[in-house]
Structures are given as structure tokens and as C-alpha cells.
Amino acid sequence: MANIKPYLVKFQSIIVLLILSMVLTILSDKFFTLENGWNIARQISINVCISVGMTLVILTKGIDLSVGSLLAFSGAIAAGLLKFGLEFPVSNTFIGFTVFGAIIAALMVGGVFGVFNGLMITKFKVPPFVATLAMLTIARGATMLWTGGFPITGLGNNFAFIGTGWFLGMPMPVWITLVVVVFTIVLTKKTKFGRHIYAIGGNESAARLSGININKIKIWVYAIAGTLAAVGGVILTSRLDSAQPNAGMGYELDSIAAVVIGGTSLSGGRGSIVGTVQGALIIGVLNSGLVLLNVSPFWQQIIKGLVILIAVIMDRLNNPNN
Amino acid sequence: MKKLIKYLAIVLFIAISLYNSIYIKDLDEIKAEKSKTSFNSKVFASEFIENKVSDLKAIEALGFLNEISKNVKSYSETHGNKLGISNDYYFIIYGNATVLTIEDEDVVVALAKSQQKLKIAIDFIFGNAIREGAKMANIGDYQNTMDYNNISVEINNLVRENIVPPFRRSVKIGDSIYFKGAVRVNVLKQKNDTLRVIPLQLNIKS
């Protein structure tokens, strides 16, 4: 039995996912279908994109509460540039944006705001919680300013393809998420940058003494988190064919939940992208199952909260010294 | 040499990205194009009020009240118009009536040949009753929901500014009037005495 425990701990997310799936398959004949599988995959794609960025941040012992607002702002930027372009009356110039251009601009905005978060945390020593909480409000306000408080709709079929189209038998959001996940797995597991992220989260002082440029790594991590939030924003805006000023509210909590359920330690230095994907899958499967079983939305929230608590307690029991 | 190739590749990449990302035009040219193709809710609304109201198909008010008293749901489903999955149905009705009281927000009238009362709005003209009752616009035809919403805003503005004020200035208790307007009926909690007509035509008979 003692030999099994490490494996149970290592694969706890997959085991939970399997048990959950089996129970839901027994309880609902609509759960284990290809259609529902794609639905879940599409629904979690946005959360996975954000959560992957959040994982990198949490691995450095940080937190990013601004991802939901950055998602909304980036989505609004993409929609606004695509639909209205930029007008410069002084020089009688209009700059129009193609779908590609609007997406690049949105990703850049996400990245720049992420860099701002990183600078506040590293250069001005503002605690990550406070710095990103401030950014949460700033980005939400910027979204309201940019959109005038109204949704931007009618973005065209080419843009809609990103969120609703299929490519080689798989929904586009799932392809995008797959690319994001593979990229970040390689980044964390196969690069010096990835090892530095773990080193900073494990022991920041030791990392600094060993010559790691902590500030640079942290700024990059927040920039990546911002950019990935923007990826989520582009997918969401495209799916809805509309940039909503209040999009992404509470998404930061869903992403933290996915990271925690996936086994990443909130005290940094331990966790993985694969675990986060599993965490997001557990939340997605749980959401889908509870809807199919007609469970009240109020109960759904309670159940999700309990799942997060159980995940953290299990983490504590398995790693009492952390 | 290696560095030069690297920088050249970066510059080339940025140039190609920019080329595929943006296009530059004269602002005047774009504005001229937009004004040709964009939807003008103000023009749409005034054209409706000026040219279409008199020919607008409407239900005689007394018959309408009698019918919704019998079976509001089935009558509304057959003759009304609703937006989405709402329980509110909209109708255009007309009739002759006598003014009973003049209140701040409404004029209460008694329909001719009956004692049935109806309120005609002279203040707080809001909502989508006219747009939906007249079936003048389909939400599916508008890519921009603001355009769709603005139709109601502009029509209500015209009613508020052009239709109500002359009527309000000269109406007296006991006047015989002709009215045509839109009403909203909720099929789950309908009471005839709460019906409020948003006017499209108001004529005081001499």
C-alpha cells in the first residue's frame, strides 16, 4: 500500500477526473457523448489559456487578479480596431485593421499590461495581490472607456472563425489552447527560463544568490500571463461575435481554482501546466455534469467551492512541510 | 554577418506582419463610405412616423380589450408580436374615445360605445412598444444591436416631441378623440386597467 501512495498523489487529478466522469456517465446518458466532449473542450479553452498564465505566475509565488479584466480589455481592443479602426482627423488618416492585425494588437495590449504588472511588483515592490488588484480595476475602466459601456458586435465571419470554426475535425479554440499548452509545457520543462521560474518560487533568495535575474523573469511571467489572458479575450469575443464591457468578470477566480485543483502550490515552486489543464478539465466536467443533471446554479457554486477546498486540503496533507 | 542576418530577418518579419495587419486610407473617404452604408435610426424613425403610421394595420380597441379579456394568451399568440422568449406581446390599436381625466403621465379615456377605460401616455414615453407592435424591424436584420435599440429611442423621441405636445396643450376633459398607438400585454399578469397606449396618432375631434 505504501508503494501505491506516491502514484495516487502524483495522479490524483486524473483519478478524480476519471471517477467524476464515470459517475456522471452513469447518472446522465448525455454526458459521455462526442458532442458534449467538444462542448466541454470549447468551454474550458478560455479558462485553460488564462490558467496556464496564472500557473506561471503562481509558480513564482505570485498571483494575478487582473486576468479577467485584461481578457475583457484585449477582446474589446480586437473588436474595436477590427470594426472601427483608428481615426486621426488632424492628418485625415484612417488606419484599418485586418483580423490578423486586430489579434496582434490585442495580444500586444495584454502583454504590455502584463509588463506593467511585473514592473509594479519588481521595481516598486508592490505585493502581487495589490498590484494586480489595481490592474483589475484599471483594465476594467479602460474597457468601459474604449467601448463606451456598450458591446461591440458584428465582427464578421473571418473573426468569428477563431471562436466558432472547426479545423481538421477539431474546434478552433481547442487548437489554440493546445498550442498554448504545448508552448508553455516546453517553456517550463525544457528551457532555462522555465527552470528559473521554479527556482524563484522554490526559494527566491537562493535563486537570486545563484545569479538568476529575478526581476526580469517575473516581468516576463506577468507579460506572458497578460498575453494569454488576451488570447482568452480574443477567443471569447470571437465566440460571442461581441466584445462585452463586463466580459471575464470572476474569470481570475476560475483560473486560480483550476491551478489549485491541478496541484500547483500557492506558495510557489511546485506544480505543472499539465496539472492545471487537468484542474480546468475537472471544473469543466463538473460544470457540464451539474448542468446535465439539472442541479441548481446556486448548488453548483457551493459544490465548486467545496471541490477547491478539498483540493487544497489534499495538497496540504500530501505536502505537510510546504 | 550572423547578427546582420538575424536583424534583417526580424525587420522582414515585422514588415510582413505590419503589411498584413493594417491598411491606411483617407479619413474623409472612409467617412463618406460609412455614411452611405450605415444605418441611420433617426431617418428610419422619422420616415416611419411621417409616411407609415396612417396606413399602419391596427386592431379596433374595444374588440381588442374584449378579446384579451377572454383568452389573453391565445389571442396574443395569434395577433401580437413579441421579442424573443418574453411574455410581453405588443399590438397596435386604434379607437374613438372620450377624455375622462388628464393626469401628469396619462390621459384616461372611455372608449366609444362602452365604459371601458384606457390610459394614453403623455409622459414617460419609453420602451419598444411601437417598434414591436408595428413589426417594423427584425432583430436578425441588424448586426449591431445598438442600431436596433436606437429605432425605439428615436421613435419615442418623435412621439415625445411631435405627437404628444400639441395634444397635451389643447386636450380638455370631455373631448372626443381619435387615437392610434401601441400597447404591451403581459400574458402572465394581464389586467386591462393597466394597459397604457404609447400614441402614434392623437386627434381631437371638433
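I count two residues as in contact if their C-beta atoms, placed from the backbone, lie within 7 Å. With that in hand, I looked at chain B: among its contacts between residues at least 6 apart in sequence, 69% join residues at least 24 apart.

A note on what I am reading. This is a predicted model, in which local features need pLDDT of at least 70 and side-chain atom pairs count only at pLDDT 80 or more, while totals for chains, interfaces and linings use all residues. Residues are numbered from 1 along each chain as its sequence is written, and chains are lettered from A and ligands numbered from 1 in the order in which they are written.

**Chain B overall.** I find six helices and seven strands in chain B, taken as DSSP runs numbered from the N terminus (helices H or I, at least four residues; strands E, at least two). Their order along the sequence is α-β-α-α-β-α-β-β-β-α-α-β-β. I checked the radius of gyration, taken over C-alpha atoms: chain B has 26 Å, whereas a compact globule of 206 residues would be near 17 Å, by the rule of 2.2 Å times the number of residues to the power 0.38. The C-alpha trace spans about 100 × 35 × 30 Å along its principal axes. Of the 206 residues, 27% count as buried, that is, with 20 or more other C-beta atoms within 10 Å of their own C-beta, placed from the backbone.

I followed an open sheet of three strands, β1(A)-β2(A)-β1(B), with antiparallel pairing; strands pair if DSSP finds at least two bridges between them. At the edges, each pairing on one side only, are β1 (86-88) of chain A and β1 (22-26) of chain B. Neighbouring strands are turned by 20 degrees against each other on average, direction ignored, using axes fitted to C-alpha atoms. Strand β2 (residues 93-97) of chain A is joined to β1(B) by five bridges, and I95(A) stands opposite I24(B). Helix α2 (residues 27-37) of chain B packs on this sheet, touching β1 and β2 of chain A and β1 of chain B. Its direction makes about 90 degrees with that of β1(B), on a scale from 0 to 180 degrees between N-to-C directions, with the helix axis fitted over the stretch in contact.

**Cores.** I took a nonpolar core as buried Ala, Val, Leu, Ile, Met, Phe, Trp, Tyr and Cys residues joined through C-beta atoms within 7 Å. The largest has 87 residues, with A78(A), A106(A) and A225(A) making the most contacts inside it. Helix α11 (residues 214-240) of chain A gives the most to this core, 15 residues. Apart from it lies another core of 41 residues, among them A58(B), V72(B), L118(B) and I130(B).

Notes:
A residue is buried if 20 or more other C-beta atoms lie within 10 Å of its own, exposed if 12 or fewer, and partly exposed in between; C-beta atoms are placed from the backbone.
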